[in-house]
Amino acid sequence: MSTQLRNFTWTCLIFAGCFLMANNAAAQTKISTPAGLFKNGGNYLQGTSTDNGSTLFCTGSSTFTLASTTTDPENNLPYTNYTWEEMNTDGTTFQPMTAGSAPNKANVTNASPGWHIYRVSATIGAATGCEADPTYFTVYVLPPLKVTPRVNKTDAEGVSYCSENGAPTGPNAFVFTSVVAFDATPRTITGTQLPALTIDDFELQYSWSKVDASSVKTTVGNADSYTLTAAANPGHAETYSVALDVNYAAKTACTYTAPALYSGTSTNTVVVKEYKKAGKPTISIE
């Protein structure tokens, strides 16, 4: 092998290896824990202010109270005045916040999905010009999820099988797949390094359930798709539906549920029907 060809081969191998490493790294960057939103020791311009989940909220459960310390650590004097503000989306201006039950507290009610930066400044009242520098605090509200599970059958085809044989397999199998998207546009803040996160940035967890006539749920799958399996069970008959729960891995309390629909654009809930084997007909003379 010539030197040129050998060098070319090594270059190709190195390039291919780097490409695979880059792809693997990209595949591993999904946010699966609260720490995934915490950057550089809690830099408020880059991520949340804590890594333990206390600054990560679900939409609809994003009402909380912020509290400041009450004593100046430099002079050992009590703070006398507090100013609470939230940064606007332009990244430069601020708006006043709702006062809390005490001067050192501020209330946040139903914070919208996305990034929020709050700040508090305080004075000790001892001398003009001795005001403390403001402290900043960043939280993230996870956007709600729109969950749309569908089966690979139309309304007209239906989803049914005979208990004598069990559910069909192979190309005739009943396959449920899911489409999950943000159901609201998350708030972003210009001029910061806070990322404009998308659904693809988060690790999601799936739970498929069989829901019987009494609304009792039995888990049947934990992947983003589910193939209905049912062994032969002669003499058994049942009607049930299939539902999908999806939650953020970083905050499992943020769970969204939807019933499976038929394929296409159908809005009808799938009804799975398991029939007994038909009995023999009788013959009579008329």
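View 1. Buried here means under 20% relative accessible area, exposed means over 50%, and partly exposed is what lies in between (1.4 Å probe, protein chains only). This is a predicted model, in which local features need pLDDT of at least 70 and side-chain atom pairs count only at pLDDT 80 or more, while totals for chains, interfaces and linings use all residues. Residues are numbered from 1 along each chain as its sequence is written, and side-chain values use heavy atoms, with hydrogens and water left out. S2 pairs with strand S8 (residues 105–108) in the antiparallel sense, over 4 bridges; two strands pair if DSSP finds at least two bridges between them. Look across from Thr-65 and you will find its bridge partner in S8, Asn-107.

**View 2. The whole chain, for orientation.** The protein chain comes to 1 helix and 19 strands. Helices (H or I, at least four residues) and strands (E, at least two) are DSSP runs, numbered from the N terminus. Of the 286 residues, 36% count as buried. Among contacts (heavy atoms within 4.5 Å) between residues at least 6 apart in sequence, 67% join residues at least 24 apart. The chain exposes about 16600 Å², with carbon and sulfur atoms supplying 53% of that area; accessible areas come from the Shrake-Rupley method with a 1.4 Å probe, and for residues only the protein chains shown count as cover.

**View 3. Strand S5 and its two partners.** Of the 7 residues of S5, 5 are buried, so this strand is largely enclosed by the rest of the structure. On S9, S5 finds an antiparallel partner over 6 bridges, and Glu-86 has Tyr-118 as its bridge partner there. S5 also pairs in the antiparallel sense with strand S6 (residues 94–96), over 3 bridges, where Glu-85 stands opposite Pro-96. S5 and S6 form a hairpin with 6 residues between them, and Gly-91 in the turn has a positive phi of about 80°.

View 4. A search of the whole structure finds 4 salt bridges, each a side-chain nitrogen of Lys or Arg within 4 Å of a carboxyl oxygen of Asp or Glu. Arg-119 forms one with Glu-85, with 2.8 Å between the closest N and O atoms. Because Arg-119 lies in strand S9 (residues 114–123) and Glu-85 in strand S5 (residues 81–87), the pair ties together parts that are 34 residues apart in sequence. Both of these residues, Arg-119 and Glu-85, are buried. Glu-86 forms a salt bridge with Arg-187, the closest N and O atoms being 3.6 Å apart. Arg-187 sits in the loop between strand S13 (175–182) and strand S14 (204–211) and Glu-86 in S5, so this pair ties together parts 101 residues apart in sequence. Glu-86 is buried at a relative accessible area of 13%, and Arg-187 is buried at 14%.

View 5. The side chains of Asp-245 and Lys-217 meet in a salt bridge of 3.0 Å, N to O. Asp-245 belongs to strand S17 (residues 238–248) and Lys-217 to strand S15 (residues 217–221), and the pair links distant parts of the chain, 28 residues apart. How exposed are the two ends? Asp-245 is buried, with a relative accessible area of 15%, while Lys-217 is partly exposed at 40%.

**View 6. The disulfide.** The structure holds 1 disulfide, a term for a pair of cysteine sulfur atoms within 2.5 Å. Cys-58 and Cys-254 form this bond, with their sulfur atoms 1.9 Å apart. The torsion about the S-S bond of Cys-58 and Cys-254 is about -95°, so the disulfide is left-handed. Cys-58 is in strand S1 (residues 56–58) and Cys-254 in strand S18 (residues 251–259), so the pair ties together parts 196 residues apart in sequence. Cys-58 and Cys-254 are both buried. Cys-162, at 23% relative accessibility, counts as partly exposed.

**View 7. Two nonpolar cores.** A nonpolar core is a set of buried Ala, Val, Leu, Ile, Met, Phe, Trp, Tyr and Cys residues joined through side-chain atoms within 4.5 Å. The largest has 41 residues, and those with the most contacts inside it are Leu-145, Phe-176, Phe-202, Leu-228 and Tyr-248. S17 gives this core its largest share, 5 residues. Not counting residues up to four places away in sequence, Tyr-248 touches several residues, including Leu-142, Phe-182, Leu-204, Cys-254 and Tyr-256. A second, separate core of 16 residues includes Phe-57, Phe-64, Leu-66 and Tyr-79.
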